[in-house]
Amino acid sequence: MGTVPAWQLRAAFARRLSDMYGSEVPAYTTLLAAVAEINEDVSRIDGAAGRLGGIERVAAERHGAIRVGTARELRRVAAIFGAMGMHPVGFYDLREASRSSVPVVSTAFRPIEPAELARNPFRVFTSLLTTADRRYFDPDLQARLEDFLAARELFPAELSELAERAEREAGLDPESAERFLTLAVDAFRLSTTPIDRAWYEELARVSAVAADIGGVSGTHINHLTPRVLDIDRLYREMGRRGITMIDEIQGPPRWDGPDVLLRQTSFRALEEQRRFRDADGGTGTAPLRVRFGEVEARGIALTASGRALYDDLMAETDRRCEGAAPTDRAGIAREVWTARFPRTERELALNGQAFFTYRAVAVDRRPADRQPPANLAGLLDQGWIDAEPIVYEDFLPRSAAGIFQSNLTDAGTRDTARSGAHYDRQWLAEVIGRPVHDPVDLYGAQQQASLAEARAALGLAPAAPA
Ligand code: OOG
Ligand code: NI
């Protein structure tokens, strides 16, 4: 009897979660059908489509999002994802990135090794409620909220035990794997336990996100996002299929230069009937909007300086959009990018603005009767090495905040006269009890290792640090 390794647990979990979500949220199934059609079409007509991950990877690729209330819950989540080879990467402070009341800080659990990403890149954006932030919660509400959260159990003990064993032993026997997957998918299903109406509404006055996290007895996947190779086409296609998307695609504009980072768009959460319990003990149903759909297109990972340029272009686009009609934004963004963003991958590589995997070309393809030059520009231009873009595997705080926001019916309240509690990546690492990786470090190490290997293959000394 073999062992089911972490990556197979991850791939099976992503697939089963997707099946579960599809059976409960019909619009998601519509989205998947449109995505599959477009991906097949694009990969047939565009030979370069596979450069940012092969079609098999892209077809299976999903990200999900969950929200939890306490450090203890987050540690449980980390163990469950750890069993699937997913590790916390990045720190996102959505309190600062939103106009509405979004009292959370977040990380993403995902594979970090290139080979693991290629097998299945499933990632889960995971948010933690900031109960100690006085802008949202006064001491009395904080205390009642924390009591409520401390009394609930998101995950059965058996699930946590299986997760710990899987991580310790690098996999599970098939029977335990089956049990683990069943319990894990169930843990992220929308709960049918009646919701305490008064409590939910009290939290919703502060923030719909706080109510979604701390007003109910369970957590749930609130969206699952497939990856599409042409997001502009998908956007139009969803309209044709009768599903209204939010009014823009977030992230970089469509333009004729390299695709970088991440472009996302979503449809608003649909009303679902939920059971509520009133103070007098009676129960009833009322509609809630908590599960939605999103789709994304992924591009090349940017270095710190590439990212600074990106942020700068977004800020310039914002300034130039003031007073303009919302529908003008895409055109304005495209102008800003055309004027200021590098037009080719080569430029991005040589400027040190984006990450690539470098490989020495096969011996019989190398220039004959010549010595390889020492510098990267010469190596690329004379055809000694190939540069394959590294896919951006992470998220964008502003898009994330936009996704949260587009699903709030009410902005909530925030006392801006008070200062917020401070949280950062280090703090989060201590809370989780595991390192929280810096995404730029991960991409940088991957690029560095590939370049060193390529140079060694060509008999060159390791590159001097840039
Ligand atoms: C998470 C929103 C962030 C993304 O794709 O940026 C996100 C949430 O709504 O809980 O998933
Ligand atoms: Ni998302």
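Start by selecting histidine 87, which stands opposite arginine 110 in β3. This is a predicted model, in which local features need pLDDT of at least 70 and side-chain atom pairs count only at pLDDT 80 or more, while totals for chains, interfaces and linings use all residues; side-chain values use heavy atoms, with hydrogens and water left out. Residues are numbered from 1 along each chain as its sequence is written, with chains lettered from A and ligands numbered from 1 in the order in which they are written.

**Stop 1**

Now widen the selection to strand β2 (residues 87–93), which 5 bridges join to β3 in an antiparallel run. Strands here are DSSP runs of E with at least two residues, helices are runs of H or I with at least four, and both are numbered from the N terminus. Two strands pair if DSSP finds at least two bridges between them.

Colour β3 (residues 104–110) next: 7 of its 7 residues are buried, so the strand is largely enclosed by the rest of the structure. Buried means under 20% relative accessible area, exposed means over 50%, and partly exposed lies in between (1.4 Å probe, protein chains only). Both faces are covered, with Val104, Ser106, Ala108 and Arg110 on one side and Val105, Thr107 and Phe109 on the other.

From β3, step across to β4, its antiparallel partner over 6 bridges. Phenylalanine 109 has valine 124 in β4 as its bridge partner. Then move on to β1, which pairs with β4 in the parallel sense, again over 6 bridges.

Show the whole sheet: it is open, has 5 strands in the order β2-β3-β4-β1-β6, and its pairing is mixed. β2 and β6 are the edge strands, each pairing on one side only. On average, neighbouring strands are turned by 20° against each other, direction ignored.

Helix α4 (residues 71–83) lies across β1, β3 and β4 and runs at about 170° to β4. Contact means heavy atoms within 4.5 Å; axes are lines fitted to C-alpha atoms, for helices over the stretch in contact, and angles run from 0 to 180 degrees between N-to-C directions.

**Stop 2: alanine 65**

Select alanine 65, which you will find in strand β1. Is alanine 65 buried or exposed? At 5% relative accessibility, it counts as buried. Alanine 65 stands opposite phenylalanine 125 in β4. Leaving out residues up to four places away in sequence, alanine 65 touches Val124, Phe125, His220, Ile221, Asn222 and His223.

**Stop 3: the nickel ion**

Which residues coordinate the nickel ion (ligand 2)? Centre on the ion to find His63 (NE2), His223 (NE2) and Glu294 (OE), at 2.1 Å. Histidine 223 lies in strand β6 (residues 223–226) and glutamate 294 in strand β8 (residues 283–298), so the pair ties together parts that are 71 residues apart in sequence. Donors are N, O and S atoms within 2.8 Å of the metal (3.2 Å for Na, K and Ca); water is not among the atoms, so sites may look incomplete. Histidine 223 and glutamate 294 are both buried.

**Stop 4: the three-stranded sheet**

Follow β8 into an open sheet of 3 strands, ordered β5-β7-β8 with mixed pairing. β5 (195–196) and β8 stand at the edges with a single partner strand each, so one side of each is left without a neighbour in the sheet. Strand β7 (residues 262–277) runs antiparallel to β8, joined by 14 bridges. Zoom in on arginine 274, whose bridge partner in β8 is alanine 286. Helix α17 (residues 397–406) lies across β7 and β8, at about 35° to β7.

**Stop 5**

On a 1 Å grid over the protein atoms alone, a cavity is a set of points where a 1.4 Å probe fits but cannot get out, and a pocket is an open set with protein on both sides within 12 Å along at least five of seven lines; lining residues have an atom within 4 Å of a point. Grid points are joined across faces, edges and corners, and a volume is the space filled by probe spheres set on the points.

The largest pocket has a volume of about 1,100 Å³. Of its 39 lining residues, select Glu248, Ile249, Gln250, Arg329 and Arg398, the closest to its centre.

The largest cavity has a volume of about 150 Å³. Among its 17 lining residues, Ala65, Phe125, His223, Ala400 and Ile403 lie nearest its centre.
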